[in-house]
Amino acid sequence: MSLPQPSDDALAQSERLVQTIHAAIAKAGGWIPFSRYMALALYEPGLGYYSGGARKFGPGGDFITSPELTPLFGQALAAQVEQVMRVSAPAMIEVGAGTGLLAADLLLELERRGSLPETYSILEVSGELRERQFDTLAAKAPHLASRVRWLDTLPEHFSGVLVANEVLDVMPVHIVAQRPEGLFERGVALDDSGTLRWADSPATGAVAEYATALELPQPQSGEYVTEINLAGRAWIAEWARRLDKGALLLIDYGYPRAEYYLPSRSNGTLLCYYRHNAHADPFLWPGLNDITAFVDFTAAAEAAFEAGLDVYGYANQAAFLFNCGVLECLARRAPEESADYIRAARAVQRLTTPQEMGELFKVLAVGKGIDEPLLGFLRGDRVHAL
């Protein structure tokens, strides 16, 4: 695949990050787990993909998220947010708010519904994205911008609703390789010329314990490679400790465990994105590419349950959005024969058809202290499939 060439400034920034990664490898004795590399590549202050200044979202970035496609995504999601706030507390936290479009869409729709949160908090690690979120809110919902605050750390206690759209997939993952001779953890080292390369080491500790419990497919020859998101499990458990009442709405692409660790998926799910091109080389231009792994939703639900949360629902994105009234939101958009309606309908089709995002993306709701069924899972509930 031929990828667009980065600018000289972007390449220089990437090279600075490469030197930081080299130093981390040297300090660790010549080898670091892939999870450490992924954390550096995505989140190293000032240099990582999400903490640097490169444009990431939308047509001019590297990928398009659901809120970038259409405000109807946020308008439908607002129905579920409204219900959770009504039965818990009028407060909301969005984790990883991207350009701020989802925040603006949610606030405007919640205002229309007469259900504005008293506070809308954004937990964002990127200073550059914080600025973009501020600008988006000032442009799209200036009269509501004062309700928004940015958090530097997780609150000690929280009641209300938390939304995390495409957050779990960019948490640093461990990579393991099951071979006939045993279980290995895949990491990163340097070759003789100083180039980043894959390097394996026998799996130990929590990685080995968790991977062994998965009972991964045992190859007769070769290897079975997959990802383990221990960081995501720990993150959910931490929110469980802090949540007094309410729900976490986790939206991402992924599978339940029975589909994640299929024998046919022997190369794992790790993907990189650069200028709307997907590729498989996480060592290409570190800091300029997004690196993601599909979410094991069974693991996410287990982490929540083990930490004391209830599992309120699991559905594909299509079922969730239909349950939340996305078609009613579309009907309000414009006359059916108008160009605006046609564009919006095409966006909804992309969000909901199985061949696009409707089946690949899932929604998991976990929480505490809610007794009534959640709107987004009233029909097509798939808790049994976890």
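Which side chain meets that of Glu238 in a salt bridge of 2.9 Å, N to O? In this predicted model, the partner is Arg242.

**Figure 1. Salt bridge between Glu238 and Arg242 in helix α8.** The side chains of the two residues approach to 2.9 Å, taken from N to O. Glu238 and Arg242 lie four residues apart in helix α8, so about one helical turn separates them. Arg242 is buried, its relative accessible area being 12%, whereas Glu238 is partly exposed at 28% relative accessibility.

**Figure 2. Salt bridge between Glu238 and Arg241.** Glu238 also meets the side chain of Arg241 in a salt bridge, with an N to O distance of 2.8 Å. The spacing here is three residues within helix α8, which spans residues 230–242, and it again corresponds to about one helical turn. Arg241 has a relative accessible area of 46% and is therefore classed as partly exposed.

**Figure 3. Salt bridge between Arg350 and Glu356.** The closest N and O atoms of this pair are 3.7 Å apart; the contact counts as a salt bridge because the cut-off is 4 Å. Arg350 is partly exposed, with 36% relative accessibility, and Glu356 is likewise partly exposed, with a relative accessible area of 39%.

**Figure 4. Network of salt bridges with shared partners.**

**Figure 5. Largest nonpolar core.** This core has 68 residues. The members that touch the most other members are Leu77, Val81, Leu106, Tyr120, Val161, Val163 and Leu216. Helix α4, residues 72–87, supplies the largest share of the core, with 10 residues. In soluble globular proteins, nonpolar side chains tend to be buried together.

**Figure 6. Surroundings of Val163.** Which residues are in contact with Val163, leaving aside its neighbours within four places in sequence? They are Leu77, Val81, Met92, Ile93, Glu94, Val95, Leu102 and Leu249. Leu77 and Val81, like Val163, are listed among the core residues that touch the most other members.

**Figure 7. A further nonpolar core, apart from the largest one.** This core comprises 28 residues, including Ala91, Leu123, Phe158 and Met171.

How values were computed
Residues numbered from 1 in each chain as written. Predicted model: local features only at pLDDT ≥ 70, side-chain atom pairs only at ≥ 80, totals over all residues. Heavy atoms only, no water. Helix = DSSP H or I, 4+ residues; strand = E, 2+ residues; numbered from the N terminus. Buried < 20%, exposed > 50% of the residue type's maximum accessible area, 1.4 Å probe, protein only. Core = buried A, V, L, I, M, F, W, Y, C linked by side-chain atoms within 4.5 Å. Contact = heavy atoms within 4.5 Å.
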